[in-house]
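Reader: I am new to this structure. Please show it to me, and then let me ask about it.

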Amino acid sequence: MTLLTIEHLDIALGGDLVLKDIHLTLARGEIVTVVGPNGSGKTTLLKSIIGSLKPVRGRIVRSTELKIGYVPQRLHLDATLPMTVSRFMSLPRRRAAAQIDQALERAGVAGLARRQMSGLSGGQFQRILLARALLESPDLLILDEATQGLDQRGVVDFYHQLESVRRELGCGVLMVSHELHVVMRTSDRVVCLNRSICCEGTPERVATSPAYLAMFGYDTRDALALYRHDHGASSISSELSS
């Protein structure tokens with residue numbers, strides 16, 4: 001089932017075109033990761049999908065009654081503000097305790113409802129943001145650099161949790177990430193973006209494409225080796241488009 005189709009999308013900020021002629025589809029149950037250098041338009045793309053930015057050209061077609069859960073790149077809370085996890089999860093409207101507990105369990109942080117937000121570790125805080133995005137059991141989960149600031153173990157654990165969420169909900173996952181090694185191991189499809197889509201396909205195909213190599217260079221060698229170790233060369237099933 002196709003959740004989202006983007007056709008001929010152009011986005012301008014301050015009069016400058018930051019995304020040009022974007023074409024993209026996303027299906028239920030699929031994990032798609034967007035990679036690219038700083039300033040390539042990754043966050044802009046996500047914001048256009050959730051509806052906070054309007055295109056100057058093109059369109060975004062969403063499936064009927066599509067429910068989207070969104071995990072932002074960063075969220076700053078006043079450390080002096082007394083707020084429990086449960087209260088944070090209930091903003092801007094009250095949620096049933098059972099709904100909160102279910103979302104926390106899905107995000108891998110069951111039992112934290114009564115904890116103070118100010119007392120959470122970095123990894124716990126990111127899991128709470130994930131849990132908040134899961135409250136409505138979304139059809140499409142969108143994450144913008146959700147592992148930023150986590151150590152290597154925390155990054156791996158977070159991606160494992162995403163895989164569990166995908167299996168349980170059957171949702172599509174669209175994320176932006178700079179963790180190239182993890183991207184190659186966890187994504188069904190990788191989109192290389194630099195204001196326009198440079199290449200798209202399976203991790204193996206994208207990691208060997210000239211456009212990707214020009215952006216990330218030798219950082220791709222270990223990532224590709226890990227992908228081959230986990231999946232094997234026979235797993236290639238889709239063609240690269242560029």
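Predicted model: local features only at pLDDT ≥ 70, side-chain atom pairs only at ≥ 80, totals over all residues.

Reader: How many residues does the largest nonpolar core have?
Author: A nonpolar core is a set of buried Ala, Val, Leu, Ile, Met, Phe, Trp, Tyr and Cys residues joined through side-chain atoms within 4.5 Å. Buried means under 20% relative accessible area, exposed over 50%, and partly exposed in between (1.4 Å probe, protein chains only). Met89, Leu104, Ile128, Leu130, Leu141 and Leu143 have the most contacts inside the largest core. Its size is 37 residues.

Reader: Which elements give two or more residues to this core?
Author: Helices (H or I, at least four residues) and strands (E, at least two) are DSSP runs, numbered from the N terminus. The elements are helix 2 (85-89), helix 3 (97-106), helix 4 (122-133), strand 6 (140-144), helix 5 (152-169) and strand 7 (172-176).

Reader: How many residues are in the other core, apart from this one?
Author: Leu3, Leu46, Ile60 and Ile142 are among its members. This separate core has 23 residues.

Reader: What does Leu141 touch, leaving out residues up to four places away in sequence?
Author: Contact means heavy atoms within 4.5 Å. Leu141 is one of the residues with the most contacts inside the largest core. Outside its sequence neighbours, Leu141 touches Gly69, Val71, Leu130, Ala133, Leu134, Leu162, Val165, Cys171, Gly172, Val173 and Leu174.

Reader: What do the buried residues of helix 4 pack against?
Author: Helix 4 has twelve residues and reaches 17 Å from first C-alpha to last. That is close to the expected 16 Å, where the expected span is 1.5 Å times one less than the number of residues. Phe125, Gln126, Arg127, Ile128, Leu129, Leu130, Ala131 and Ala133 are buried in helix 4. The buried residues of helix 4 pack against strand 5 (68-71), helix 2, helix 3, strand 6 and helix 5.

Reader: How many salt bridges does the structure hold?
Author: A salt bridge is a side-chain nitrogen of Lys or Arg within 4 Å of a carboxyl oxygen of Asp or Glu. Side chains of opposite charge can pair when their charged atoms come close. The structure holds 13.

Reader: How far apart are the closest N and O atoms of Arg57 and Asp10?
Author: Arg57 is in strand 4 (residues 57-62) and Asp10 in strand 1 (residues 2-13), so the pair links parts of the chain 47 residues apart. Arg57 is partly exposed at 39% relative accessible area, whereas Asp10 is buried at 9%. Their closest N and O atoms are apart by 2.9 Å.

Reader: Which element gives the most to the lining of the largest cavity?
Author: On a 1 Å grid over the protein atoms alone, a cavity is a set of points where a 1.4 Å probe fits but cannot get out, and lining residues have an atom within 4 Å of a point. Leu143, Glu145, Ala146, Thr147, Phe158, Tyr159, Leu162, Met175, Val176 and Ser177 line the largest cavity. The most, three residues, comes from helix 5.

Reader: Is Thr33 buried or exposed?
Author: Thr33 is in strand 3 (residues 31-35). Beyond neighbours within four places in sequence, Thr33 is in contact with Met175, Ser177, Val183, Ser187, Arg189, Val190 and Val191. With a relative accessible area of 0%, Thr33 is buried.

Note on methods
Residues numbered from 1 in each chain as written. Heavy atoms only, no water. 1 Å grid on protein atoms, 1.4 Å probe; cavity = no way out; pocket = protein on both sides within 12 Å on 5 of 7 lines; lining within 4 Å.
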